[in-house]
Amino acid sequence: MPVAIFDMDGVLYRGSIVMPYAKETLARLRKAGWQVFFATNNSTATRAEYVTRLTSLGLGGDIDHVITSAYATAHYLERLEPRPKDVLVIGADGLRAEIREVGIAVRDAASLPGLEPPAGAAEDGVDPGAMRRYLVSLPLPGTADTVVVGLDLHLTYAKVAEAQRAILAGARFICSNRDRAYPVEGRLLPGAGTIVAAIEVATGQKALCIGKPEPFLFEEAIRRAGGKKELVVVVGDSTDYDMVAAHRVGATGVLILTGLDEEAALHGAKGEAAPDRVVRSLEELFGLPEFART
């Protein structure tokens, strides 16, 4: 049974907008006997929340066919020796929930020091030294033994400072993904990679990445499909992430020009990043030889 692995953001939908022919594509593949998986670097939601989203958008799917960087990160932590006992997450509650699900303690978002600065420190341009004095005056908890970084839409200077403090004290430094951007309705927003890069600069240390372009997400999908398959096709919108990860698991990489990469960017895609196929819409998939009989 052939396997199709789809990125979600920018491929099947942008925010709450379903991409053209997405529903028909998935229905046609399932009817033809393909195993359809969803794999995303977005760590803000749990797999269960993604199933709810996919269902509400009319795309179907179940929890066994959804692989997220949050889920993969949690299971990576679970296998570490020694196992983490105190994790600081710079990210969303979905990432915290997936890590807690494997039995690892995660600090509550509200417990991070510096989240409620006084008005004088919080107001930009009023007193440039106020925030520094506030952060220096805070009573600080013990440092976490592991820092995990994902997409955080509520990032603050205090969060970066606390991650820096823990990593400089010896905490492991792991990121769910390094995406430079993620597509939403009508535009791109900065991705988790922006936050990871800031903390790497602040600490002089490199984070271990779990999400694409590393192969963990796609390896898990193939494992769930029953092991090595003759035909595995990855459909994604990024040469640097989706195509590289596809080639690292021996899959055919199909780049769709609806998300991160435009056609002009293909000229710079070399080696693992170069797609095997390029389409401009999901409907064009069925003109490719891999889908010719579907």
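**Figure 1. Residue classes in the lining of the largest cavity of the predicted model.** The lining comprises 7 nonpolar, 7 polar and 6 charged residues. In total, 20 residues line this cavity. Those lying nearest its centre are N41, N42, D179, A181 and Y182. The volume of the largest cavity is about 170 Å³, and the structure holds 1 cavity of 30 Å³ or more. Two elements, strand 9 (181-184) and helix 10 (239-248), each contribute at least two residues to the lining. Strand 9 gives the most, with 3 residues.

Figure 2. Leaving aside residues up to four places away in sequence, Q35 touches M1, P2, V3 and A4, together with H65, R224, A225 and K229.

**Figure 3. The salt bridge between D240 and R180.** A search of the whole structure finds 15 salt bridges. In the pair formed by D240 and R180, the closest N and O atoms are 3.4 Å apart. This pair links distant parts of the chain, 60 residues apart: D240 belongs to helix 10, whereas R180 is in the loop between strand 8 (172-175) and strand 9. Both residues are partly exposed, D240 at 40% relative accessibility and R180 at 37%.

**Figure 4. The salt bridge between D242 and K212.** The closest N and O atoms of D242 and K212 are 2.7 Å apart. D242 and K212 are both buried.

**Figure 5. The salt bridge between R224 and E220 within helix 9.** The side chains of R224 and E220 meet with an N to O distance of 2.8 Å. Both residues lie in helix 9, 4 residues apart, which corresponds to about one turn of the helix. R224 has a relative accessibility of 22% and so counts as partly exposed, whereas E220, at 17%, counts as buried. Elsewhere, salt bridges that share partners join D7, K212 and D242 into one network. R224 is also among the residues that Q35 touches.

Conventions. Residues are numbered from 1 along each chain as its sequence is written. This is a predicted model: local features need pLDDT of at least 70, side-chain atom pairs count only at pLDDT 80 or more; totals for chains, interfaces and linings use all residues. Side-chain values use heavy atoms; hydrogens and water are left out. On a 1 Å grid over the protein atoms alone, a cavity is a set of points where a 1.4 Å probe fits but cannot get out, and a pocket is an open set with protein on both sides within 12 Å along at least five of seven lines; lining residues have an atom within 4 Å of a point. Grid points are joined across faces, edges and corners, and a volume is the space filled by probe spheres set on the points. Ala, Val, Leu, Ile, Met, Phe, Trp, Tyr, Cys and Pro count as nonpolar, Asp, Glu, Lys and Arg as charged, and the others, Gly among them, as polar. Contact means heavy atoms within 4.5 Å. A salt bridge is a side-chain nitrogen of Lys or Arg within 4 Å of a carboxyl oxygen of Asp or Glu. Buried means under 20% relative accessible area, exposed over 50%, partly exposed in between (1.4 Å probe, protein chains only).
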